[in-house]
Structure formats: structure tokens, C-alpha cells
Amino acid sequence: AIDQLKLIKVTISNYLRQSTIFEQFCRLSFQQIEHLSKKPLPSGDLFNNVLPHLQPTDEEDFALFISELYLSMLQTLPALVRYWYRTDCDKAITSILDKYTEKTITPILVEREIDTILNYKSDTPNFQITTRPKSNEVIATYEEDDVKLPISLRIPDSYPFHPIEVSSNAKLGIKEAQWRKWTFSMTSLLLTQDATVLSAVLLWKSMLDKMFEGIECCLICYSVFHVNTKSLPKLPCKTCHNKFHAECLYKWFKTSHKS
């Protein structure tokens, strides 16, 4: 059912991108937002799926109607709106949209992203997700062999117009090129496929799962990560064809006096 829904969203997004309907709709909506930005903005607690119950002929309802419609667009088809924002949006409107989105829309989107993460229950004890609402940050931690691999996703103030920052300060024994590949995959998912932050984090987990499935522990120390250097077993033995930590082999040869 999830894959079918994703296919429907992709089909609708592709159709709207190729037609002029979406461009005309954006121009009309954003012109209204430009007008609304000069008035007091609707407070965030008003956004609660009120779109079907509004009377757009009333001035106050119309302001909320446009704002709720804009919020729905950014939550449902962020990649499409972001594409229009970067390619066809009038520069004069861009600055207004940035301020309006940062003050009114982004806090709601961030709150919904965090709620989705808080409702997620990991089915494996070695994977946890925590949130830092004050800094719009999501921290995922993957544990293997008592070594923790964290990754951070920080949602910018003008999300989703600007990309989520994906970073990690503890890459341990994993090559820099591998981390870049993972972060690129996560960023691409977020930018082009209308994915949630949780979807990007779970993609990272799946990539780590696949990597560790093909790694056996070092048969000298019986650990995946070396206790001191946190490196992975990469040095192959020509005789048994197993891979060992270079530090473990050096110590073993030194103490056993073998070559």
C-alpha cells in the first residue's frame, strides 16, 4: 500500500511539473501570500486540517485558507514546490516566501516530522532515534559491537526550500567515501522523492545493515571494530582468506614470532 501511494504521488508530481496548471496555481497562491504577509500571520495552532471547513469568501478565513493550502502543498509535494521556487519563482516573491515560510510554515512541518519520529518504534535494540526540537535536529545512532555510529540531520529554518544538513563526526573505521555515498543517498531521497526525515534515517540504517552483513569479526580479537583504533578488519590473510585488523595481526606476529 505504501509503494502504491508513493507511485501515485510520483505520477501526480510528474504530471503537474510538465503541465502549466501547477505553475499558474503557484503564482496565484504566492501572490496571495505576498498580500497576506503584510497582515498578522495565522498562528501555528490554527493549522489542524481545517481546509475543508473554511469559507474562503470571508477575509480571515481566506487568509487561513491560503496558508493551510500552502502548508499542504509543502508537506505533500515539497520537491515539486521547491523545484518551482528555484526555477520559476519571481525573485521579488522569493524573499517574502522565505520569511513567511520560516515564521509560519517551517515550525509546523518540523513539529510533524518530529512527531512521526517520536511515534516510531525501532524493532532492533542496536538502532535508536532521538530528537532535539530546540535545534531542529534528529540524531540516529547505530550500534555494532559496542561501538556507536551517530548521524545528525538538522532541519533548516526555511525548510523545505533549503536542504536538510546531514553530518556525522564519528565515522570510525568506515571510509570517508562510503560516508559521502550514504549522505548523498539520504540527501537525494529528501530532495527529490518527497521523503520524510524518518525515511532518510531508515535508509541510512538499511545501508549499514547491508554493510555489516558482509563483515565478519577479526578472528584474533573477535570484534568487528578494533578496541583502540575503531578500524574494521580489512587486511586479508593469504592462507585462510579471513580479514583481520592490521593492529591485531601486527601484535600477533610480534608475540608469536611468525611471519
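Reply: A search of the whole structure finds five aromatic pairs, a pair being rings of Phe, Tyr and Trp (its six-membered ring) whose centres lie within 6.5 Å. The model is predicted, so local features need pLDDT of at least 70 and side-chain atom pairs pLDDT 80 or more, while totals for chains, interfaces and linings use all residues. Residues are numbered from 1 along each chain as its sequence is written, and side-chain values use heavy atoms, with hydrogens and water left out.

Me: Which kind of aromatic pair do Y142 and W204 form?

Reply: Planes under 30 degrees apart count as stacked, over 60 as edge-to-face and the rest as tilted. The rings of Y142 and W204 lie 6.4 Å centre to centre with 80° between the planes, and the pair is therefore edge-to-face.

Me: Are Y142 and W204 buried or exposed?

Reply: Buried means under 20% relative accessible area, exposed over 50% and partly exposed in between (1.4 Å probe, protein chains only). By that rule, both Y142 and W204 are buried.

Me: Which kind of aromatic pair do W179 and W204 form?

Reply: The two rings are 6.3 Å centre to centre. With 35° between the planes, the pair of W179 and W204 is tilted.

Me: Which residues form one aromatic cluster?

Reply: W204 pairs with Y142 and also with W179. The one cluster is formed by Y142, W179, W182 and W204.
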